Amino acid sequence: MAENFDSAMATRADNSCLICVDAGTTNTRVWLMRDDRIIARAAAMTGVRDTARDGSNERLRATLRELIAEVRQRGAEAAPDAVPSCVVAAGMITSPLGLAEVAHVEVPAGAGELAAGVRRFHFPGITDLPVLLVPGVRSGAPQSTVEAIGQSDVMRGEETLCAGLMASGRVQPPVTVLNSGSHWKAIYLDAEGRIAASITTLSGEMIHAVQTTTILASAVPQMRPAIIDPVWCEAGRREQRRSGLSRALFCVRLLQLQGHGTPEERFAFLAGAFIAADLDALRRQNALQAERRVFITGGGALAQAWGDALAEVSIPASVLTVDEVEAAFLGGLRQIVRRLS
């Protein structure tokens, strides 16, 4: 059962250690924090995609129970005085596929609006600590027509990252934050640093599906390569623009049959096709503009591949490191907790 966040709880949470949680589509990460110091961390490849497959969130609940217990145990060994007062979580954990649904807040949304939407829960089967769930953000009408559905969008998790980036001073608005994780998402932060709009695609999940469950599974590596060859990636972008996404993907099969490229190079071609499809669509919708710097998150080779593609069309971009993204997400959670009242 959800509860409104009371001021006494806010005071305790603001002046004590926190357990922070990022539970997304494909993985869950947990940290024990004291101020801005990470005392312990743990992670598992479990997310709400498992809930969708299983028809139950029991796997997610079990994972959270284990990870929270793990960081508390490791924290007790490393810093016995670091006793957490609550768990604060963001991401798909607040969706219907997560632990409990928390309503999105509407744009424009910054840390203050997010704090106002936080809800407190008790999950005794997971932890004895109160659990604070941070809402996601919605843009567009709550009920759209079929013709206008493309003007709507939602996010869960990226709003916390954006709040942390703004609090850190790492970005100067207005900017676009481009996430290249499971879902690719372009987020516009207005001059006040608030989320003003976003556009999401399924490209991250589609790459995984194509990579593992289609005829291309034998043509590319089963895991994401650590490096994406820029020449092959550019070739994939060109082919997509010439013949469309589906045909460009089949060209990966043709490359394999004709003995062209390594599996890693063919993956770069495949990634380039997806990047070109999204990049061109986002430019048509003015979500990516040469006048507005882009900060790319998501980590790994795909983020750098996006940076190369943006440079090709003269859009200034910076790729944030995995450590910078982690620090921003955790900073966002702390910033939201500090604003609770």
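Predicted model: local features only at pLDDT ≥ 70, side-chain atom pairs only at ≥ 80, totals over all residues.
**Helix 7**

Begin by selecting residues 230-243, which form helix 7. With 14 residues at 1.5 Å a residue, this helix should span 20 Å, and because its end C-alpha atoms are 20 Å apart, the model agrees with that expectation. Next, show the side chain of D229 at the start of the helix, where one of its side-chain oxygens comes to within 2.9 Å of the backbone nitrogen of V231.

Which residues of helix 7 are buried? Colour W232, C233, A235, G236, R237, E239 and Q240 to see them.

**The nonpolar cores**

Now select L178, I228, L270, L288, W306 and L310, the residues with the most contacts inside the largest nonpolar core, a set of 40 residues. Two or more residues of this core come from each of strand 11 (184-189), helix 6 (203-213), helix 7, helix 8, helix 9, strand 13 and helix 10. Helix 9 gives the most, with 10 residues.

Centre the view on W306 and display what surrounds it: leaving aside neighbours within four places in sequence, W306 is in contact with L178, S180, W184, I275, D278, L279, L282, L288 and I296. Another core, of 37 residues, lies apart from the largest one, and A109, A328, L333 and I336 are among its members.

**G298**

Select G298 next, in the loop between strand 13 (294-297) and helix 10. Is G298 buried or partly exposed? Its relative accessible area is 44%, so G298 is partly exposed. Residues up to four places away in sequence not being counted, G298 touches N179, S180 and G181. A distance drawn from G298 to Q285, C-alpha to C-alpha, comes to 22 Å, although the two are 13 residues apart in sequence.

**T46**

Finish at T46, in the loop between strand 3 (37-44) and helix 2 (48-54). T46 counts as buried because its relative accessibility is 9%, under the 20% cut-off. Show its side chain together with that of T63, and you will find a polar contact between the two at 3.3 Å. Beyond its neighbours within four places in sequence, T46 is in contact with T26, N27, T28, R59, L60 and T63.

Technical notes:
Residues numbered from 1 in each chain as written. Heavy atoms only, no water. Helix = DSSP H or I, 4+ residues; strand = E, 2+ residues; numbered from the N terminus. Expected span 1.5 Å × (residues − 1). Buried < 20%, exposed > 50% of the residue type's maximum accessible area, 1.4 Å probe, protein only. Polar contact = N/O pair within 3.5 Å; in protein donor to acceptor, adjacent residues only side chain to side chain. Contact = heavy atoms within 4.5 Å. Core = buried A, V, L, I, M, F, W, Y, C linked by side-chain atoms within 4.5 Å.
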